[in-house]
Protein chains: 2
Amino acid sequence: MRIITISREFGSGGRELGKRLADLLGFDYYDKEIISAISKNKGIDEGYIENVLNNQGWKNFPITFRKSFAGLNGINNLNMDILLEQNKIIKEIASLGKDFVIVGRNADVLLSEFKPFNIFVCADMESKINRCIERAYENEGLKRKEIEKNIIKIDKNRAKTRELITDSLWGDRKSYHLILNTTDLEIKKIAESVKYFVINFWENK
Amino acid sequence: MRIITISREFGSGGRELGKRLADLLGFDYYDKEIISAISKNKGIDEGYIENVLNNQGWKNFPITFRKSFAGLNGINNLNMDILLEQNKIIKEIASLGKDFVIVGRNADVLLSEFKPFNIFVCADMESKINRCIERAYENEGLKRKEIEKNIIKIDKNRAKTRELITDSLWGDRKSYHLILNTTDLEIKKIAESVKYFVINFWENK
């Protein structure tokens, strides 16, 4: 089983890269599908889950807690419950034994036993704001400054949520096989290059 | 003119990657050639220059100094003199107008006006120590712990020398287009993938 995980700064095009890579390689693809599964399993609204995961996944966790979610099962807290359910679903996906690409959700850490190929996607702020404006109608009418604030907030949440389960830092070169800067680049073309890189990586092993 | 700069952790295979990329693309290649040029221009021993650049390039610089070497020309200090000469030679190479690959020496910062494609190469410590032992006979008989100490020292010097001329951090994702982790990988195969990536990048522009 070959797994590609994609971590990314909000607005850097990581999700599109993941989707395109999955298409090019004929792999399964997981991203928002996971939210739907949490929603179904827990009977919680998808929008609510998405907000928790984007903006406050790390909140209300014991500060002393690290590296294992195991000890948290008894604690009654909805944020925690959603994160734990997400982790469970990600492990279940891996247990299917099929090749797949997964975007976000600290899958690189959660699935480390399967030796995934881990990509991090970043871009400069200008470029991320432009991508947000192009891609999502909900940003229409928002000022660039507001979008920037939102990007910073979401990425801060991502870094902090990662800190709950690992010492390896979000976006740090030590944590990934490949870090890509998509500033001014077309994701479609990058995807082709990354495909070569990943295939070579597996052949190399 | 197309320029590829390669920054790297010591022992990560960055130099080999640079050489191979230059061969694959038919570009000129600069690395130790620069030390020979400094030696010739300044009448200083190559070994001495290499030691200064590897181990103490940043030393004796005024702490308040940043982002421009211009103000230093009057200061009498051999380390400074060597660094300034190196910077001058790098600019002269660019002024030839030919495509080239350059390894190390903060060329990404010094040549930023030419919009180079900037690569950073890293690897885990285990893998870097192994590479050092395989590649360089001068490491024969050195204990792994000693090699590790040396790697850490050289990389610390690289980071500090970079700090003299820019705010952008050595090895940080914001400073490069591509960061590669070469742990357990054959540089020869990586070079092919990176070639695709770089060509796509320039076509994309």
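Tutor: Start with one residue of chain B: Arg158(B) has a relative accessibility of 13% and counts as buried, because the cut-off for buried is under 20%. Keep in mind that this is a predicted model. The partner of Arg158(B) is Asp155(B), and the two form a salt bridge in which the closest N and O atoms are 3.6 Å apart. With a relative accessible area of 9%, Asp155(B) is buried as well. Both residues belong to helix H7 of chain B, which covers residues 144-163. They are 3 residues apart there, about one turn of the helix.

As a general point, side chains of opposite charge can pair when their charged atoms come close.

Now turn to chain A. Arg158(A) and Asp155(A) meet through their side chains in a salt bridge, with 3.6 Å from N to O. These two residues are both buried.

Lys32(B) pairs with Glu50(B), and their closest N and O atoms are 2.7 Å apart. Lys32(B) sits in helix H2 of chain B (residues 32-42), while Glu50(B) sits in helix H3 of chain B (residues 46-55), so this pair ties together parts that are 18 residues apart in sequence.

Over all chains, a search of the whole structure finds 34 salt bridges.

Last, consider how the two chains are arranged. Chain B is superposed on chain A by a rotation of 180°, with 0.0 Å of shift along the axis and an RMSD of 0.0 Å. The two copies are therefore related as by a two-fold rotation axis. The contact residues of chain B recur in chain A at 100%, so the same surface serves both copies. Among the residues of chain B, Ile179(B) comes closest to the rotation axis, with its C-alpha at 2.4 Å.

Notes. Residues are numbered from 1 along each chain as its sequence is written. Chains are lettered from A and ligands numbered from 1 in the order in which they are written. This is a predicted model: local features need pLDDT of at least 70, side-chain atom pairs count only at pLDDT 80 or more; totals for chains, interfaces and linings use all residues. Side-chain values use heavy atoms; hydrogens and water are left out. A salt bridge is a side-chain nitrogen of Lys or Arg within 4 Å of a carboxyl oxygen of Asp or Glu. Buried means under 20% relative accessible area, exposed over 50%, partly exposed in between (1.4 Å probe, protein chains only). Helices (H or I, at least four residues) and strands (E, at least two) are DSSP runs, numbered from the N terminus. Copies are superposed by least squares on the C-alpha atoms of residues with pLDDT of at least 70 in both. Contact means heavy atoms within 4.5 Å.
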